[in-house]
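Here are some notes for a colleague who is opening this entry for the first time. Please keep the sequence and the structure in view while reading the points below.

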Amino acid sequence: MSVIDVPAATTKSRRKIRRPDLASQWQLMWWKFKRHRLALFGIVVLGLFLVMALFAEAIGIGPPGQRDTAYVAGPPMLPQLIDAEGKFHLRPFVYGVKPVRDKVSLRMTYQVDTAQIWELGLFVKGAPYRLFGVVPGDIHLFGTDKGFIHLFGTDFTGLDIYTRSVHATRASLGVAVVGVLVSFILGAAIGGAAGYFGGLLDDLVMRIIEFIRSIPTLPLWLALAALLPRDWSPLATYLAITVILSLLGWTWLARTVRSKLLATRQEDFVLAARLSGCSDTRIITRHLLPSFLSYLIVDTSVAFPEILLAETSLSFLGLGLREPVESWGVLLFAAQSIRSIDQAPWLMIPGAFVIVAVLAFNFVGDGLRDAADPYSRS
Amino acid sequence: MIRFLSRRLAYMALTLLLVSLVSFVIIQAAPGDYAEIFAAQKAATGAIITLADIEAMRIELGLDQPWYVQYGRWLAGALHGDFGYSWAWRRPVGEVIAERMPLTLTIAFATLIFMYAVSIPVGIYSAVRRYSFGDYAFSIAGYLGLAIPNFLLALVLLYISQQYFHQSVGGLFSPGYENAAWSWAKVQDLLAHLIVPVVVLGTSGTAFLTRAMRAAVLDELNKMYVLSARASGLSPMQLLLRYPVRMALNPIASTLGWRLTYVISGAPIVGYVLALPDTGPLFLNALLNQDMLLAGALIFIFCALTIIGTFVSDLLLVLLDPRIRLE
């Protein structure tokens, strides 16, 4: 990829030719990151999740709290292109359903009614909403004019699982982002102090980190979450859970910061800065941090899936977030018993969102790890 | 060696003390003390309890003492296996835990063995046949293994085995064997029921170890000594197993302590979802019912297990690898 002499290149193509000798470090990293196909794919998926979180009202079908009494615990309705007679439809459609009582279990089940065809459309008018709480709108990504569509089915109270999963993106990713931010600040501050000042403080911090690493943390966080008073408002619980989860991620970051600081604080440029009269804060923030920021970003990207999975597990057990806050874990809470997943296996679908999100985070993390050290050849 | 041992032992004792303090704080942090809960239970059955009765009970149980006295008494009891009385079970905490601990330990050990038994051969294969179909297949499986939350994997396996194999996965024995005397058939039944919890608990750890093993073997394969061994005519298999694999095993084995921590950490949720009669459901129900004496005792035991396990694995490593310096 190194092209040094480019005499014949036109001005237009010259811009595309890479000059590693002239590129900034960030540029080198981007080039390396781009070669990691899975990481690029991960970025795209995360972008889609972000869009989903921002425009959940428009991407969902109706209000997330709307119960459809005509379709309770109904299975997913798959859009089709070819009907029962083998005729091709240009517009995807779903078949209508009619309720039937099961003669053995006496439960209501739903039978596909091939006589009724409900056509789907993109950007259809539906229930009105307010985007970001302000902008009014009534256009939904897709929907039907007649009948209804429950892409991923409904739960035992008739709530649409697709719409709720889309809305749950907000809380799930929100907790992860805030949790990672808090653990980033904790890790950078504690690790930074330990690495820069050294001595007794360093010893103490390292012992604490070793201690936290040597005990099984999940039971501990479960206990802390269980101790949150039940009468707290959902928002207070949300914040408390986020803080508890962020206590998970900081140790790795603190160690990285510390070891990098120890390695770089003896460098000549630090000495030069100190001799020119820079303050400690300035040396740390202007000279030391930028020199290993890329490694910090890698460690942060590792903390994302960890916190996301922890939140999902906690909420699934009923110890994390609670209704009316919706996260993927909260939705999975309904799938806790074997009886409910036996009757309605589609209750597990929100779990697929978790898996896709964690996969995307892991791919991006891998790409970043490769890119963090752009001078290494591999 | 003796200096090393005594240092490590002292460090372990200190960690255990810290852990006991954390467990005690968690017990104390729950709203209401034992006397209040006891009074509420009695009152629910119609007995008349006065405030004076509660106060008398507090004094009897030592709940009026300052926290460090209470902590000392709790710790002294804990060292004798006496963790107090679980109000939800109406039995001593130690007794309830002792019944279920063997199964948790069995699952944890089986999971550790599973993780290493799968990840080492797969890691070697992936490194030697790099970029082959098998390598890609294993690394996709690995990515998935890291991304699926334990409890979801447990749910999916439960559903599949219920739906397609008509086998009950929840619990530890098939209905007929539960009260039967121990026999070969019963052991087989037990092993069949252990597969799902072990796979669920071990998947992400296995994925992680496989990656590490693959990377370690790849590093070793590029070294000069491999080239010279090959040049002197060692057969590929012999060469592989005798030198690079042995070198690569070291970093993998040295994370045994972390793996153990990881397994103990994940075990409660898996036990809970699969309805195993181990400490998992015990722990989570204790938390949900705020039966904190039981929950605190379990946290203490979980932590103690990993700390002692890490200590033992560190010792083993020192014995295995003479290059580790004893400072």
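**Notes on a predicted model**

1. In helix α1 of chain B, the buried residues are Thr15(B), Val19(B), Ser20(B), Ser23(B), Phe24(B), Ile26(B) and Ile27(B). Please bear in mind that the model is a predicted one. An α-helix has 3.6 residues a turn, so residues three or four places apart point the same way.

2. Helix α1(B) itself takes in residues 2-29, 28 residues in total, and from its first C-alpha to its last it reaches 40 Å, which is close to the 40 Å expected at 1.5 Å a residue.

3. For chain B, an unreviewed UniProt entry carries the annotation "transmembrane region" over residues 107-128, 140-160, 190-209, 256-275 and 295-320. In the model, residues 107-128 of chain B are 100% helix and 0% strand, with the end C-alpha atoms 32 Å apart, while residues 190-209 of chain B are likewise 100% helix and 0% strand, with 27 Å between the end C-alpha atoms.

4. Chain A holds an open sheet of four strands, paired antiparallel in the order β1-β2-β3-β4. Its edge strands are β1 (80-82) and β4 (135-144), each of which pairs on one side only, and from one strand to the next the twist averages 50 degrees.

5. Within that sheet, β1(A) runs antiparallel to β2 (residues 88-101) of chain A and is joined to this strand by two bridges; Gln80(A) stands opposite Phe93(A) in β2(A).

Methods:
Residues are numbered from 1 along each chain as its sequence is written. Chains are lettered from A and ligands numbered from 1 in the order in which they are written. This is a predicted model: local features need pLDDT of at least 70, side-chain atom pairs count only at pLDDT 80 or more; totals for chains, interfaces and linings use all residues. Two strands pair if DSSP finds at least two bridges between them. Axes are lines fitted to C-alpha atoms, for helices over the stretch in contact, and angles run from 0 to 180 degrees between N-to-C directions. UniProt positions are given in the numbering used here, feature names are shortened, and annotations may be inferred rather than shown by experiment. The expected span of a helix is 1.5 Å times one less than its number of residues. A residue is buried if 20 or more other C-beta atoms lie within 10 Å of its own, exposed if 12 or fewer, and partly exposed in between; C-beta atoms are placed from the backbone.
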